[in-house]
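Thanks for asking me to look this over with you. Here are some friendly notes to read with the model open beside you.

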Amino acid sequence: MNRPLRAAFPGADAPTGELMPVETALARALALVVPVARCERLALAQATGRVLAQAVTADRPLPPFDNAAMDGYALRLTDLVEPGPWTLPVAARMRAGDAPCPLPRAAACRILTGAALPLGADSVIAQEAVSREGSVIVLERRPSPGLNIRRSGDDLPAGSQIVPAGRCVGPREAAAIAAAGAAKVSVRARVRTTVLCTGSELVAPGQPLAPGQIWDANRAMLNAALDRAWIAPADLGALPDDPDRLSATLIAACQRSDLVITTGGVSVGDEDHLTRLFTDAGGRNDVLKLAMKPGKPLTIGRLGRALWLGLPGNPVAAFVAWTVIGLPLAAALAGLTPTSLPRTFVQLSAPLRHRPGRCEYRPARLAGQCAPGPAFVDCPDSPGSHRVALLAQSDGLVRIPAEVAEMRAGDLIEFLPF
Ligand code: AMP
Ligand code: MG
């Protein structure tokens, strides 16, 4: 029975090949990456979200001078002779922004937070710790040396690195770079990324559906996923499963992109043409099938200078493959220093079953926390890689290891929050 059926549907004869563990696939994918070499120098305000091409260093210490950490009084400890209490005249007043003046002998200086320490002062006593009587202060206890003083260079010595190359300029990085007085930074060029969805059944949202058609979910998903300052996205919309058009579009996209992302058409069905078209065009595939559920049909290859990431068509599978493989790959192209995916451990609110063989990423919902300890998650038994609405209702993905057959309620499980 099987033979004539296979002959009639040649895709069914395609070799299944070995499934590659996710970690191996990611390592192989990353080995193909040559980060974008083009750079530009931008004003810090224009560099938000971009990847630093060069480390930023401080040409002077941070903070640049000794200053007060509290509103209070600066004094010299050697002026506190004999046992206390001590009375000192308030000889001057230092506000943030004033140039430091010398501290007269046997006197205190009123000082406000951030003001430069008067020359000769070695302690700042908080205003709450003294009593002020007219133009003098009275203190009962001897303050310790260096009290309430922020020393020059205690955050960063001169000449040291503030932010390394390979970091994205976020609020923390921007603050440190600005505090060191740098007005411009060198950043890597954006990764030119082209999205192409494939499938004769696809219709753009807003257009009427003929029988058998569906609205294209992946295009919107990828456009949203690529909305990052370090990516320059191009969107080619959706194409039907027409080998000539697909081939011409794929080749042209590879010529003008650093990364081409397609969805659909990489499995073993008769209308899954992309892998063959890519190889026919001279492309080299490295990863073809992943030991991952969903997202088994995944292709990563190189054509000329471009990388091609062929994601599966099912939206949940495309999203999972993008999250686990695609985003780290794009980040490496951008020159971002690798960081592992944000992950945590949660506990299952109910038992789950899993067919051993492939590691599985399953959409899951946080179900609250009782007392201190890991939060609970609910995850459906039959997620289905088409269940895009379920994905939108989830808080993250749980990762079920390949070898596991079942887990009990209360078991800890890895969780990748969205
Ligand atoms: P494929 O990988 O091309 O075999 O597609 C697998 C499944 O995903 C099929 O049910 C397709 O109809 C569906 N699919 C493919 N592309 C999309 C898309 N862009 N949006 C929504 N569903 C899609
Ligand atoms: Mg298809």
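1. Let us begin at the ligand. The side chain of Asp 216 places an N or O atom 2.8 Å from a nitrogen atom of ligand 1. Please keep in mind that this is a predicted model. A polar backbone atom of Ala 217 is 2.9 Å from a nitrogen atom of ligand 1, and a polar backbone atom of Gly 265 is 3.0 Å from an oxygen atom of the ligand. On its own, ligand 1 would expose 480 Å², and the protein buries 76% of that area.

2. Now look at the wider surroundings. There are 14 residues around ligand 1, and those that come nearest are Glu 201, Asp 216, Ala 217, Gly 265 and Gly 313. Which classes of residue make up the shell around ligand 1? The shell has three charged residues, five nonpolar ones and six polar ones.

3. Next comes the inside of the protein. The largest nonpolar core has 46 residues, and the members touching the most others are Trp 230, Leu 259, Leu 298, Leu 309, Leu 311, Trp 322 and Tyr 361. Several elements give two or more residues to this core, among them helix H2 (22-31), helix H4 (218-225), strand E13 (191-198) and strand E20 (297-303). Helix H7 gives the most, with 13 residues.

4. You will find Thr 262 in strand E17, which covers residues 259-263. Is Thr 262 buried or exposed? Thr 262 counts as buried because its relative accessibility is 0%, and the cut-off for buried is under 20%. Its side chain forms a polar contact of 2.9 Å with the side chain of Trp 308. Beyond its neighbours up to four places away in sequence, Thr 262 also touches other residues, including Leu 196, Leu 250, Leu 274 and Gly 310.

5. Compare that with Thr 299, which sits in strand E20. Thr 299 has 0% relative accessibility, so this residue counts as buried. Setting aside residues up to four places away in sequence, Thr 299 touches Val 266, Thr 275, Asn 285, Val 287, Leu 288, Trp 308, Leu 309 and Gly 310.

6. Ala 375 lies in the loop between strand E24 (359-366) and strand E25 (376-378). Why does Ala 375 count as buried? The reason is its relative accessibility of 18%, as buried means under 20%. Leaving out neighbours within four places in sequence, Ala 375 is in contact with Val 346, Gln 347, Leu 366, Gly 368 and Gln 369. Ala 126, by comparison, is 249 residues from Ala 375 in sequence and 43 Å from it in space, C-alpha to C-alpha.

7. My last point is about Asp 381, in the loop between strand E25 and helix H8 (388-392). Asp 381 counts as exposed because its relative accessibility is 55%, and exposed means over 50%. Asp 381 still touches Leu 352, Arg 353 and Arg 362, not counting residues up to four places away in sequence. How far apart are Asp 381 and Arg 362 in sequence and in space? They are 19 residues apart along the chain, and their C-alpha atoms are 9.0 Å apart.

Definitions and conventions: Residues are numbered from 1 along each chain as its sequence is written. Chains are lettered from A and ligands numbered from 1 in the order in which they are written. This is a predicted model: local features need pLDDT of at least 70, side-chain atom pairs count only at pLDDT 80 or more; totals for chains, interfaces and linings use all residues. Side-chain values use heavy atoms; hydrogens and water are left out. A residue is near a molecule or strand if one of its heavy atoms lies within 4 Å of it. A polar contact is a pair of N or O atoms within 3.5 Å; within protein, one must be able to donate a hydrogen and the other to accept it, and residues adjacent in sequence count only if both atoms are side-chain atoms. Accessible areas come from the Shrake-Rupley method with a 1.4 Å probe; for residues, only the protein chains shown count as cover. Ala, Val, Leu, Ile, Met, Phe, Trp, Tyr, Cys and Pro count as nonpolar, Asp, Glu, Lys and Arg as charged, and the others, Gly among them, as polar. Helices (H or I, at least four residues) and strands (E, at least two) are DSSP runs, numbered from the N terminus. Buried means under 20% relative accessible area, exposed over 50%, partly exposed in between (1.4 Å probe, protein chains only). Contact means heavy atoms within 4.5 Å. A nonpolar core is a set of buried Ala, Val, Leu, Ile, Met, Phe, Trp, Tyr and Cys residues joined through side-chain atoms within 4.5 Å.
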